[in-house]
Amino acid sequence: MQKPLWTPSKDRIAATRLDAFRRFVNQRHGLQLPDYPALHAWSVAARETFWQAIVDIFEIRFTEQPHAVLEEGLVMPSARWFPGAQLNFAEHLLRRRDDHPALVAVGEDGSREQLSYAELAAHVAGLQQSLKAAGVGIGDRVVALMPNTWQTLVGMLAASSLGATWSSCSPDFGTQGVIDRFGQIEPKVLIAAAGYRYAGKNLDLTGKLNEILERLPSLQQLIVVPYSRPQAKVDDFTTEAKVALWQDFYQAGGEPQFTAVPFDHPLYILYSSGTTGVPKCIVHGTGGVLLQHAKELGLHSDLHASDTLFYYTTCGWMMWNWLVSGLALGATLVLFDGSPFHPDAERLIDLIDAENISIFGTSAKYLAALEKAGAKPGSSHKLARLKAILSTGSPLSHESFEYVYREIKSELCLSSISGGTDIVSCFALGNPLLPVWRGELQCKGLGMDVQVWNEAGQRVIGQKGELVCAQHFPSMPVGFWNDPADEKFRAAYFDTFPGVWAHGDYAEETSHGGLVIHGRSDAVLNPGGVRIGTGEIYRQVEKIEEVLESIAIGQDWDDDVRVVLFVRLRDGVTLTDELQARIRQAICSNTTPRHVPAKIIAVADIPRTLSGKIVELAVRNVVHGKPVKNTDALANPQALKLYRNLPELQH
């Protein structure tokens, strides 16, 4: 019988914010909810009461009070959350004003800068005044092409303090990728780095930036952060907009002012990965993001004001937006810019000890790579305050779950989390009250009516199907930019099951009340008419020592579909018949014969999005001779050439 990898002690449970919340709800409403499953069921059945409780427990301040918690029609999407409410996002992230560290920004080169909450507020106040003088107001777009530095965070807070809408890309985006995103939303201000560092290289952004500036006619102000190019000067950049260096544009000091905006006022614009066309511009509302993030960080991640929170992310991934909301709980953030493996595999593990990180966020790919590199952080490092590891980006394998508890730390909550850019938050995530089971996301998020449905639209447990959210939730996007009738928005999420949110995750609900994500439903393989999630294959292939990573697709063949597996092998390893046999045996023994690939092909690289997700659809299109429309969404677009016209796939 399978046992949990970790179970929280009674003392640990009693000290969590989540258990305190359960007791608060019981006391306020005269209930006797004994545990998390009961609390979750109540949060879905009594959504209005639940979300009001979130407002109260996290002291969300409305400058204008709402006249209801929720107004909704019979069919999604038709919700108005907290109609009539006015608030400001930055105000909630800057409530703390003391000398406690708000953030520590660490560069790949070892540089370290620290800002207290008081210093952060002073920077925001100064930048806010200069942005206001530059004409920035409610609804204007302020965008950033920036590494993960403190300046990026100050820019976001200053913009949102004025009621402007923030959007960011990381500097590793291709030129066209940036234009495809920012060009659609017509920004007034661009904050951009003159250069950045990655994997020991110092990369000059001047040329790329000038190409982008040519294509942004709406721009009125460019603010250049020299960063890794201290010699950068205003004359390097060609644009009709005004140009200033960061250090000349504003003076830190004073108190920030906060412009109140409606609950659903656009706070962030994020982007779909865009591998099948121009990225969709996903608009997220102010109040929904604030409530959802407070709930996820405070309750599900057990983030206290005394904690130090880290997530390895760029500013082009939604986890940056999620990370920075930790300020709303008064915690200390660690921002890291650079390669997680430079100069060696333990760079981020060193950071845990150096900064006393208590909650460490990363990707499934990173944990798998750490194990393949032979790292044993539990033996080599103290990890004294580390109480939780969060993982997202792709499903976390059984082996990585075991690796964390065996080689990193046995006494911590390992939370595999899943949601997405679409909701800038999570559908399923961690829980400090519950055991951790191999391969499972611990629970559905509070207030989220998450279910798994079969193709007939019936709920299933213990079977694979489409992940849905059957009722409205506050962090549902306000809509897409330039989609006035919401046609694209409805088509993206409400076409699969009319009136019910489905965003394309292939999942399974477990008997523990947890979830297993089997991959993207648009990448599901269909040999012989049987649906197979690619995650089921990857889980077995990752056990093979010689294989670093893999990608599986379905190839149309003989009026059916055959499974093709591409593998990237360790240096010096060749794909022998014996190795192929072992791979097939591992898959067959632990899944079904239908999962076994008809072809196994070694490749030198596997294409990924900039946030590290492998792109099965793009590879499938290349194999079938179809175009891949937006290669700028990929971190390594040149890898696609490796899959074109392969002789092994012609027979």
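A: Start with one term: a residue is buried when its relative accessible area is under 20%. The model here is a predicted one.

Take Cys443. Its relative accessible area is 1%, so Cys443 is buried. Cys169 is buried too, at 0% relative accessibility.

Now look for sulfur bridges. A disulfide needs two cysteine sulfur atoms within 2.5 Å. Searching the whole structure turns up zero disulfides. For Cys443, the nearest cysteine sulfur belongs to Cys413, 9.0 Å away. For Cys169, the closest one is in Cys281, at 9.7 Å, which is too far for a bond.

Next, the nonpolar side chains. In soluble globular proteins, such side chains tend to be buried together. The largest nonpolar core here holds 98 residues. Among those with the most contacts inside it are Phe82, Met156 and Leu157. Helix H7, residues 150–161, gives the most to this core: seven residues. Zoom in on Leu157. Beyond its neighbours within four places in sequence, Leu157 touches Ala90, Leu93, Leu94, Leu120, Val124 and Leu327. A second, separate core has 37 residues, including Ile537, Ala586, Ile614 and Leu640.

Finish with Glu466. This residue lies in strand E25, residues 464–469. At 10% relative accessibility, Glu466 is buried. Its side chain makes a polar contact of 2.9 Å with the side chain of Ser521. Leaving out neighbours within four places in sequence, the contacts of Glu466 also include Gln451, Val452, Trp453 and Phe497.

Terms used. Residues are numbered from 1 along each chain as its sequence is written. This is a predicted model: local features need pLDDT of at least 70, side-chain atom pairs count only at pLDDT 80 or more; totals for chains, interfaces and linings use all residues. Side-chain values use heavy atoms; hydrogens and water are left out. Buried means under 20% relative accessible area, exposed over 50%, partly exposed in between (1.4 Å probe, protein chains only). A nonpolar core is a set of buried Ala, Val, Leu, Ile, Met, Phe, Trp, Tyr and Cys residues joined through side-chain atoms within 4.5 Å. Helices (H or I, at least four residues) and strands (E, at least two) are DSSP runs, numbered from the N terminus. Contact means heavy atoms within 4.5 Å. A polar contact is a pair of N or O atoms within 3.5 Å; within protein, one must be able to donate a hydrogen and the other to accept it, and residues adjacent in sequence count only if both atoms are side-chain atoms.
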